Amino acid sequence: MQKSLHIDPMKCTGCLQCEMACSYENEGVFNPSKSRIKVFNFEHEGRFVPYTCTQCAEAWCLHACPVEAIQLNKGTGAKEIKNSLCVGCKVCTIACPFGTVNYSQETGKVIKCDLCGGNPQCAEACPTGAITYVDANWTGLDKMRAWAAKTANAEHTA
Amino acid sequence: MAWTRKVLRVNLTEGTCMPEPLNMDWAMQYLGQRGLATKYLMEEMDPNVDPLSPENKMIMATGPLTGTNASTGGRYSVITKGPLTGAIACSNSGGFIGAEIKMAGWDMIIFEGKSPKPVYLFLENDKPTLVDASFIWGQSVWEADKKLRQKHQDPLIRIATIGRSAEQGCLFAGVINDLHRAAGRSGVGTVMASKNLKAVVVRGTKGVANIKDPKEFMAATRKGKQVLHDNAVTGAGLPQYGTQVLMNVINEIGAMPTRNWREVQFEGASKISGEAMHEPRASDNKPNLVTNAACFGCTIACGRISTIDKDHYTIVNKPEYWGASGGLEYEAAWALGSDTGVDDLDALTYANFLCNEDGMDPISFGATVAAAMDLYEEGVITKEHTGGLELKFGSAEALTTLAELTAKGEGFGKDIGLGSRRLCEKYGRPELSMTVKGQEFPAYDARGIQGIGLAYATSNRGACHLRGYTIASEVMGIPHKTDPLETEGKPELVKAFQDATAVVDSAGICVFTTFAWTLDDIQPQIEAACEGDWSMEKLVTMGERIWNLEREFNLKAGLSKKDDTLPPRLLNEPAKTGPAQGKTNELAVMLPEYYKLRGWNPEGVPTDETRQRLGLA
């Protein structure tokens, strides 16, 4: 069974623990500027939204890469950057419709979410459950449950 | 290590920015942030300087846990001599800029001198630049923030800036970061303005590494977060209601200062409480509270993001206030509300927005308005002084108009900007000022909660709840319950809270963690992060050392035993209602015992033996 990162912005408080966990896991440093997941603060609406790669099945980045440096991890479904192959041409950063592949000036390679090999640290670190790692076939389960709870027979249990 | 071991020294007179190594000998004695910056200030500066002269220094300091994944590890403080108090000032703020300073590679920034013209510091990692600030001088915090973002074209910069109140000499102006987080108290923003320093703009991409034992550290921070999560206050009460969870509780026990402390219970408390912020409004069916929000790394997330009713008189035709922004926390709701007798939640939220927009401490602002209302009701000041404004207790219009005037330093707002003590002295009624060492009280009546009275009287930065929050014990039973109406045991309690809080602040984490954490939870995080030995015993002694160092600063600045007191209203006028009815604060019973416990002589001066023991001789 493959799993997906599932993001519920309603639960996000903007604490950036996910960004620290991501950078610590991947770079060995607490550093939001090196995080593969970013939390956006829509200041005047009071909304925080974590955003990262959704691991598209037909990944634009993977198809665009001229040197096959982006490869599918069959275990996790993640599209992973092979640093030994990446030439830093940045075509994938243009191809990705969502902006979740980015170039790193320090290494000359691109970086993106690789689901930490199947144990995504952002989800581990999230204190509110805004980021979870769930069955890829059932990312809608929580929403379905919430709506199910509002059905007409709800008063029976009241 | 956790420290970056680098200090940036900015000489505003000369226009120079010089890096220097952090004094690690001092770091081993004072850890960071509050403690370490106070040590720097003490060593480098005569505490007798005029706080608003170029001779005063201002330090922005992070702690070793700032910028790490320790829960709440995003705090920084502004340490300087306070113009409101003439005492040591140390104003602590969350938000994101503290971590950003650390990520840029600095433990502290020391500002000295005075720039010949308005400037701001742009700090991009190792590259500090002083930039002409003429395009933002005279602008509010929010406007300056917007213009700086336009200029730098970088959405990831973090900004701390002063507003117009500071530029206009308001003595309780703070430094606002991330639009609505404040290093709020004692006038640290006024010091910044006196140096012609408008803002500090930071972009840090280096991150925080050099943790002594990363594996231990990750385990310790994870355990700490679990404790916060499982605790009823930090895991449920604070995220849901913010610090406003206290409004109804404190009112119930008769310790809610009302109308400049004439009374101890506010009939309108429920209308301005944390619960009320969740209630849908009549006009648009939306609650005041939009969401809770976290500061950097905080897994509690007590912050309030609120909106004002668009139909409310304060913001009709003012779309700039229709969006969400930093909402009421308990202290602000109390000072702007109960202390002035105003129970209009939207008016309080608006006044709070203005405090953020122009960098005023809402506690001192609200309390000074309350003092002005007292003077008005006593007939001491009249409409002639106020420009026609009727300053009656309970008048929302008076409150919001004064917020607008004080923000810009106009009209009677100029008098409000003096703070409560100077205002009451100016009009010949100093006894009506509810202050210690010139700083306005926070939201707990010391007649109904005895220990907090001693904490107020002895707080090194003037009246303050954050130097020794005995409310935790006296009201909430953390870590153990003590009777709020009793004085017995309170000197020990106050000392213990004061010393422990100095450790928490100096580490770079938030004091709100201590609703759930004791030093037993914090020590392993410090120990795993920081080079050197950080045993419990060492930390407790360090907390005491920091407290005594601050005391030494104040003694050298000319403060003495006579300043460790409370206003006559608390000592002589009994509480009128509630569980504390008939009680005054029994400071005289507690203070001598406190001095003795501290190892101070009867005049409140640390004895030679105490100085020796703490390494302060």
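Biologist: What is the bridge partner of L8(B) in β2(B)?
Modeller: The partner is P19(B). This is a predicted model, in which local features need pLDDT of at least 70, side-chain atom pairs count only at pLDDT 80 or more, and totals for chains, interfaces and linings use all residues. Residues are numbered from 1 along each chain as its sequence is written, chains are lettered from A and ligands numbered from 1 in the order in which they are written, and side-chain values use heavy atoms, with hydrogens and water left out.

Biologist: How many bridges join β1(B) to β2(B)?
Modeller: There are 6, between β1 (residues 6-11) and β2 (residues 16-21) of chain B, running antiparallel. Strands (E, at least two residues) and helices (H or I, at least four) are DSSP runs, numbered from the N terminus. Two strands pair if DSSP finds at least two bridges between them.

Biologist: Which residue of that hairpin has a positive phi?
Modeller: G15(B), with phi near 75°. The hairpin has 4 residues between its strands.

Biologist: New topic: at what angle do α2(B) and α19(B) pack?
Modeller: About 90°, with the axes 5 Å apart. Axes are lines fitted to C-alpha atoms, for helices over the stretch in contact, and angles run from 0 to 180 degrees between N-to-C directions. So α2(B) is roughly perpendicular to α19(B), a label for 65 to 115 degrees.

Biologist: Which residues of α2(B) meet α19(B)?
Modeller: Q33(B), R34(B) and G35(B) meet T501(B), A502(B), D505(B) and S506(B); contact means heavy atoms within 4.5 Å.

Technical notes:
Parallel < 35°, antiparallel > 145°, perpendicular 65-115°, else oblique.
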